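Thanks for coming. I have one structure to go through today, so please look at the screen.

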Amino acid sequence: MGGWTGKLLRVNLTTGTHAIEDIPVAWMREYIGGRGLAARYLYEEMDPTADPLGPENKLIFATGPLTGTPVPCGARYMVVTKGALTNAITTSNSGGHWGPELKFAGYDLLILEGQAPRPSYLFIYDDRVEIRDAAQYWGKGVFETEDGLREELGIPALRVSCIGPAGENLVKFACIMNDKHRAAGRSGVGTVMGSKNLKAIAVRGTGGVDIAEPEAFMKAVWEMRAEMQDNPGRKSFTELGTAATIDLTNAFGGLPTRNFQQGQFEHAEALNGNAVKDTRMVSNKACFACTIACGRVCRLGEHSEKYMVNVHPRNWKTAGEGPEYEAAWALGADTGVGDLDAVLKANWLCNDLGMDPISMGSTLASAMELYQTGVIGDDDVETPLTFGSAEALVRMCEATAYREGFGTELAEGAKRMGEKFNRPEVFMGSKGQEFPAYDPRGFQGMGVAYATCNRGGCHLRAWTPGPESSTMDPHTPAGKSEWVVPEQNRTTSHDNTGVCLFVAGAGGPMEKIAPCVSAATGHPYSMDEVLKIGERTWNIERLWNLRAGLTKADDSLPKRLLKEPHTDGPSKGVTVNLEFMLPIYYEARGWDPEGVPSPEKLTELGLASL
Amino acid sequence: MSKVLNIVPDRCTGCMQCELACSWVQTGTFAPSKSVIRVNVFDEEASYAPYTCLQCDEAWCMSACPVNAIAIDEATGAKVVIEASCIGCHLCTIACPFGTVFTTPKSDTATKCNLCGGDPACATACPTDAIEYVEADRAGGWFEPWTERVNSNYVEAATGAN
Amino acid sequence: MAQHHVIIGGGPAATNALETIRIFDTEAKITLVSDEPAHSRMALPYWLAGNIPPEQTHTGDAAHFQKLGVETRFGVRVTGIEAAGNRVTLNDGRSLAYDNLLIATGSSPLAPPIAGTDLPGVQPMWSLAHTQQLLDATSGLEKPRVVLVGAGFIGFIVLNAMFKRGWDLTVVERESQILPRMLDNESAGFVGNWMTSKGVAVHTGTTVQSITAADDGSKRVHLENGDQIAADIVIIATGIKANLDLVAGAGIDADAGILVNDQMQSSVPNIYAAGDVAQGPVLFSDQRAVHAIQPTAVDHGRVAGANMAGEEIHYPGSLLMNVVDVCGLQTVSYGAWNDATAEATTISNPTNSIYRKLLWHDDRLVGAIFTGQADDLGMLTDIGMVKGILQTQTKLAAWKQFLQENPFDIRRAYIGAGVAQKLVETTLLGSATRDRKYHFRGAQAKATMGASHAQFVGTKSQP
């Protein structure tokens, strides 16, 4: 057997005990690994109605069989848990080097249970596992924590995932950061980690990943690499990063602006891929095994001292990594800020403080709308929350992480904040999670993709702007659900492999990855089986959510998207016709009209016993 | 003139494909901790570069060996460890001023870059041509510009100078 | 040009010297006189450990010396040097005239004034003969009980060999710490604790008063503090001294060793000295010192050989460096690690037995100590790079503060301060070092690539 290590590490933070367990071979085959395998465990072991911030919630870190191999972008790990932001199952994905290191230490999965009695961190050095005191890191930023752990443990090659002050302070959209700039970003997985009093997981692994059929495996890898080398999507990611997408979405009136009040941003060109590359980027940077290198290592411009807050002297001009597309949008267009340095600074703060820039930007945009409409006034906030205010952007990132002043409200996310101020309509998201950077009025299919995503508003399960900007009419609801369902299955099985989703748009679709999985594990996966595994995973997540108390009513969109069209631009006059798309979606899924998987479907997927 | 590994730091993205390749060739498993090419990741200076034995002229490792277990592969000019001769004394490791010769307890013999006998897997694996296997008098010509970049970026950041 | 080079000694200094002479001079006559076969002492403990056969400690055989055109007189000892007459006398009654003489007679273990050191089973562990003697004495014993008297660097390499054999080990060191000439007190404490955790008994700050024989043939080691330790074998490793017997009366200046200049010449210009017997130049110091270590012996031998062959090669000086794998814990020290006047940066992690000490004069690194588990290639890279920084005497400027703040990020300072580029062009003899040609059992220096190489490289689709 290869690809998988076949082992999981289970750590109970309450009792301080740990165990190394064998993973059932049948489960590895049925789910490939990663997201699916972790969902299977979560389904088996946890009461979905439990408090996400209580000790009953489990926090699972899952690699895939290709994590830690030379398959392009085989860097990923998934964090699977009950999301603090969403109260639904979440599956938050990150690259960098930490996931491979966990694999090299000998584990496909790490399951964390309980709650540490005091601030602690977990140290894993192959089969040596220790829960150690983290008092000296509590309150510290991500960068300082990582450097400190490396020095304390004396292992230069140590890899660290950790939370920042935002996770400690239970900001609802706190991330788990790894390798300083990489994030398992969404749904408040860092909040869950914070609730467990766990500051960091420091890993050193000296083992390796075996391969069942090396020759076939390497042939599949080289073929995938060759394909990607010449692929225009790959070239664009390498040259311009993900922020190149700004031009596309803005052109279609699908770049949400000022909390989705507009669909185009007048300063889009100040934030796009070319702007970053030409004016701020020092180098591009890859995650482990990545042949794309979409990461941007950036520096701030000369005039940006005014945004210098909370900065380590050594990093005084380094903005760190980013912004990638989502952060550039959330911290930029959505808040109306067209100052690239402010966006870079805010992004740097989100990384160091450990917060999801999408939810941060979107929640701030919601607050800016409250301020714009007079719901909150200057007495409520320490700095005017005017759309376009760079100062407000940078300041409120800090205030949110530390829950200072109005930051306390922002720290709850836009849904809870909107409800508190009796204006729930300012929340632009679903299942409690703020949307990313695509306005479904510009790309109709995103509407059904957002509404049905198991972890709430998310663009990574079915990215419709691709086909909708090329082969489909972006404004008609027809045909969208039929495209979204198989695409969700496809991306889900992709997530299970441990390979970055971006390769799919860069010449490395599942058709190229499946042969790598087969050769690595020695289990032959046909494309049919791969897609079935994606569907199986999607359905088990759905079952989990239904047991957690979610219903059809949660497969919804904000009123603004359903009723309020843009008044100008390419998407002028369009609203999202979810009413049309959702029944078709349910039917395509083999679910009943209430969105419940039918017994036949469950039997077909081998889930009848659940 | 023989071939050397030439490194082009500006092309490196820090992806570790070279470490994966090297460890696979040595151990038949993907275990970067066993790689003898090590990627330097200098985030603050935004500079990345793989680093391995230059097959340097002085060959400190070869001189330090008490039992002549490091010698020159005439096909490539590489200084290679003769495993059957190596006693595992670690002297080559502490004598190499580049930090590119290793002795680990598990193997108990020295290990270092041997240029894969003239077909270095790291160069094959590199997706950005940051590692080239090319004709040259001597390896290491890339150090000066790389040093310049790392040094100026650091000094600038440390002192606040522009 | 000298017509006849006579070399006394069979260790690394001697063999490197004669091989180097041959690089520059293919004509001159070379005679090697050595009472032991050409071998490296550094390798003996690995024979003791059972890892290698005794022949693997050898550094040349008859065919090798014949190919080099070297006449060998093995098993013969030089009994005297007539410097004025350019002649050495041998214990077989003959004598040899020379144009250039190299004294590479090495060093010998000190015999401490302890009652009972003459008992059978009480011995040093320094030569081929000692090793054979120890193996013979322990061959019938299932788990020999060994007491090591003296916890120095050399003793520890022997100790590690015996540890690998699973023997029952006790160390007695009269100083307050183990490895007093290699580690500072704190790092020695880590090593001591590590050894204790591996089952080695460690006694420091006490001396052996006497060794007595018990009725069953075993020994009792009596310590000053009253303890008694039962042993089958007692190894005396309390220090070494340069073999200066030949020097007395020959008009050659000596202190702790034969004083040599940076061309390895003694006070008698055509008499050279190299290795443990020589007291030579030291990097970043005006003092000359005996560095009884393998790398210095090789450097000395090569520099002496080149100068004897008529080249003018100046030795920049030796860098003290010691490495011991102590039951799995890697321990290294360099240079002026013990310099009390130096500024020190220390990182200490008792939990993981990790210790790093960097010693500074202004912005120059002058010494270092490392302990840590050696399965981490990152640590080994750092160790080598610190050696490079020391050896090049690089002024680190702003990078000093960086290293003080980030002692686990040596690589960045190493590159940033430009150490590597200096080293690229450095050679000891002004040209690329040659292969020494003699390899155990005629092994070829050839990278042999296994199936995994073909699996990786051979499967790549050609563009």
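Let me start inside chain C: the centres of its domain 1 and domain 3, taken over C-alpha atoms, are separated by 33 Å. Chain C has three domains, namely domain 1 (4–107 + 241–308), domain 2 (122–238) and domain 3 (328–424). Those bounds come from an automatic or database domain assignment.

Before going on, this is a predicted model: local features need pLDDT of at least 70, side-chain atom pairs count only at pLDDT 80 or more, and totals for chains, interfaces and linings use all residues. Residues are numbered from 1 along each chain as its sequence is written, with chains lettered from A and ligands numbered from 1 in the order in which they are written.

Chain C as a whole has 12 helices and 26 strands. Helices (H or I, at least four residues) and strands (E, at least two) are DSSP runs, numbered from the N terminus. Its radius of gyration is 24 Å, close to the 23 Å from the globule rule for 463 residues, so chain C is as compact as a globular protein of that length. That radius is taken over C-alpha atoms, and the rule is 2.2 Å times the number of residues to the power 0.38. The C-alpha trace spans about 75 × 60 × 55 Å along its principal axes. Of the 463 residues in chain C, 52% are buried. Buried means 20 or more other C-beta atoms within 10 Å of the residue's own, exposed means 12 or fewer, and partly exposed is in between, with C-beta atoms placed from the backbone.

Now a sheet in chain C. It is open, has 5 strands in the order 9-16-10-11-12, and the pairing is parallel. At the edges are strand 9 (122–123) and strand 12 (201–204), each pairing on one side only. Two strands pair if DSSP finds at least two bridges between them. Strand 10 (residues 145–149) and strand 16 (residues 233–236) of chain C pair over 4 bridges, and V146(C) has I233(C) as its bridge partner in strand 16. Helix 5 (residues 153–164) of chain C packs on this sheet, touching strand 10, strand 11 (168–173) and strand 16, and its direction makes about 165 degrees with that of strand 11. For that angle, axes are lines fitted to C-alpha atoms, for helices over the stretch in contact, and angles run from 0 to 180 degrees between N-to-C directions.

How many residues of chain C are in contact with chain B? There are 61, against 64 residues of chain B. Contact means that the C-beta atoms of two residues, placed from the backbone, lie within 7 Å. Helix 8 of chain C gives the most to this side, with 10 residues. By class, the side has 31 nonpolar, 20 polar and 10 charged residues. Here Ala, Val, Leu, Ile, Met, Phe, Trp, Tyr, Cys and Pro are nonpolar, Asp, Glu, Lys and Arg are charged, and the others, Gly among them, are polar.

With chain A, the contact takes 17 residues from chain C and 16 from chain A. Helix 8 of chain C has the largest share of that side too, 3 residues. The classes there are 6 nonpolar, 7 polar and 4 charged.

Last, chain A has its own helix 8 (residues 232–240), in which R234(A), F237(A), T238(A) and L240(A) are buried. The buried residues of that helix pack against helix 7 (214–229), helix 11 (273–279) and strand 13 (281–285) of chain A. Just after the helix, G241(A) takes a positive phi of about 70 degrees.
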